[in-house]
Amino acid sequence: MPATIIIGLQWGDEGKGKMVDHLAETVDAVARFSGGANAGHTIEADGHRIALHQLPSGLIRPDKLGIIGSSCVLDPIALSEEMELMEKEGISVADRLTISGKVHLVHPAGRYIENSEETRLGKSAVGTTGRGIGPTYVRKFMRKGIRLEDAAVPEVFLERSAAITDECIEQLGLSAELAGSLREEVEIFNRESIRLVDRAMDVSMVIARILASEGSILAEGAQGSLLDPDHGTYPFVTCSSCVAAAACVSLGIGPVLIDEVVGVMKAYSTRVGNGPFPTELTGSLGDRIREQGNEYGATTGRPRRCGWFDAVLANYTARINGSTWTAITLLDVLSGIPELKVCMKYELDPEIDLSLFETGVRLGKHIPIYETLPGWEEDIKGEREWDALPENARNYVLFIEKLTGVPIRAISTGPAREDLIWRT
Ligand code: GDP
Ligand code: IMO
Ligand code: MG
């Protein structure tokens, strides 16, 4: 598999980190291609349990290279903390990380702007992760951003950073105290950015060399397809494209080089932050799934909203990504729930145009029509054999496979690297 892309098929947190870590065994490099420190990819392996936010998940394995693509946004302060955390875990990443010089930097002012906007929106807030992601992409597309390569000329870099700081203080009318805190953060930001510039490279060239020498790469997506600004539940989305096609843009590789697209989805649905969620379970069953699945955000600790598996949306996201196979995760979490529901279609609001499949705010008005399947009692955590799964668990997987139209090759039965069933 010279070039494989892994993406999330739902609203993020599908277990991409676990699957990337697993599949990284046979590749040379893992390249993150979207988002920034809003992501939280949890890996449990080799005695570590760690959530990576910006570092590619493959770096947990000591012999893998890590690459950060140009469509990501990079928070240099958070990255340096993350690298220190890895060092404390005994994993040195210093010599194994390459970052695109074109990556836009998350200036601390972005977090202040985001916080002010979310507060202003009140009940209509997006419920962002507060990592300054939106304002950084806004700046990028207004052609006013700063990129890592800019830090190679420190005098100009410092001037631009100061101008962004001043603009933010004026725009938000920050108090002297808040302005002081921002300036302190900006000093650290400046220092860390300049320190990181040595890692800046043309990642397209790095990847081309790996592939030319018969090596292979894994492109690691962040967030999930329903958080994609084009295809997701706009405006309750993130700001970078998180579908498979975005990997080629970010990493500077042609689409013909991609031979597999792996879609990761949970055996149920979750979403963190606001926005439509047709199959959400707001009662005790939702709470039960949250507790059984430990559904709390890996980045912000927020409780995740939980609900039934939505085959309408999964079918849609499998299509927009062109996924060649699927990994289904957290199947073990459904053990003990007597009946499982799967959304087969929506009863559409009569005002909604039937010919147009909408994923915007009106998606929340659709009433899901469910099929009910029998559950299973047995604890399947850590199971590694398909034939050893209870019949109802196998039938549940096969049912979903048929609805999404894409083969389910891997079934995850626990958070650890080894908790996985392969189907041929
Ligand atoms: P990501 O953002 O897609 O990488 O997913 P997160 O790491 O944010 O969330 C997935 C959570 O589920 C993490 O806590 C994982 O350790 C955990 N996890 C992954 N696969 C499984 C599984 O099959 N079963 C259980 N019980 N937990 C899992
Ligand atoms: P991983 O990679 C789940 C959500 C936020 C919010 C919306 C916009 O771990 O799957 P942002 O801070 O990006 O501007 O927030 O997107 N969000 C995620 N939800 N997993 C993620 O990443 C997410 N990254 C962003 O909760 O609803
Ligand atoms: Mg996550």
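For the class counts used below, Ala, Val, Leu, Ile, Met, Phe, Trp, Tyr, Cys and Pro are nonpolar, Asp, Glu, Lys and Arg are charged, and the others, Gly among them, are polar. By these classes, the shell around ligand 2 holds seven nonpolar, ten polar and three charged residues.

The structure is a predicted model, in which local features need pLDDT of at least 70, side-chain atom pairs count only at pLDDT 80 or more, and totals for chains, interfaces and linings use all residues. Residues are numbered from 1 along each chain as its sequence is written, chains are lettered from A and ligands numbered from 1 in the order in which they are written, and side-chain values use heavy atoms, with hydrogens and water left out.

Ligand 2 has 20 residues around it, of which Asp13, Lys16, His41, Thr129 and Thr238 come nearest; a residue is near a molecule if one of its heavy atoms lies within 4 Å of it. Several polar contacts, meaning pairs of N or O atoms within 3.5 Å, reach this ligand. A polar side-chain atom of Lys16 is 2.7 Å from an oxygen atom of ligand 2. Polar backbone atoms of Asp13 and of Gln223 each lie 2.8 Å from an oxygen atom of ligand 2. On its own, ligand 2 has 550 Å² of accessible area, and the protein covers 98% of that; such areas come from the Shrake-Rupley method with a 1.4 Å probe.

Ligand 1 has 19 residues around it, and Lys16, Gly17, Thr42, Asp332 and Ser412 come nearest. By class, its shell has four nonpolar, eight polar and seven charged residues. A polar side-chain atom of Asp332 lies 2.8 Å from a nitrogen atom of ligand 1. Oxygen atoms of ligand 1 are approached by a backbone N or O atom of Gly40 at 2.8 Å and by a polar side-chain atom of Arg49 at 3.4 Å. Ligand 1 exposes 580 Å² when taken alone, and the protein buries 95% of that.

Which elements give two or more residues to the shell around ligand 1? They are helix H1 (16-23) and strand E3 (41-45), where helices (H or I, at least four residues) and strands (E, at least two) are DSSP runs numbered from the N terminus. H1 gives the most, with three residues.

At the level of domains, whose bounds come from an automatic or database domain assignment, ligand 1 lies between domain 1 (3-101 + 199-261) and domain 3 (265-422), because both give residues to its shell.

Technical notes:
Polar contact = N/O pair within 3.5 Å; in protein donor to acceptor, adjacent residues only side chain to side chain.
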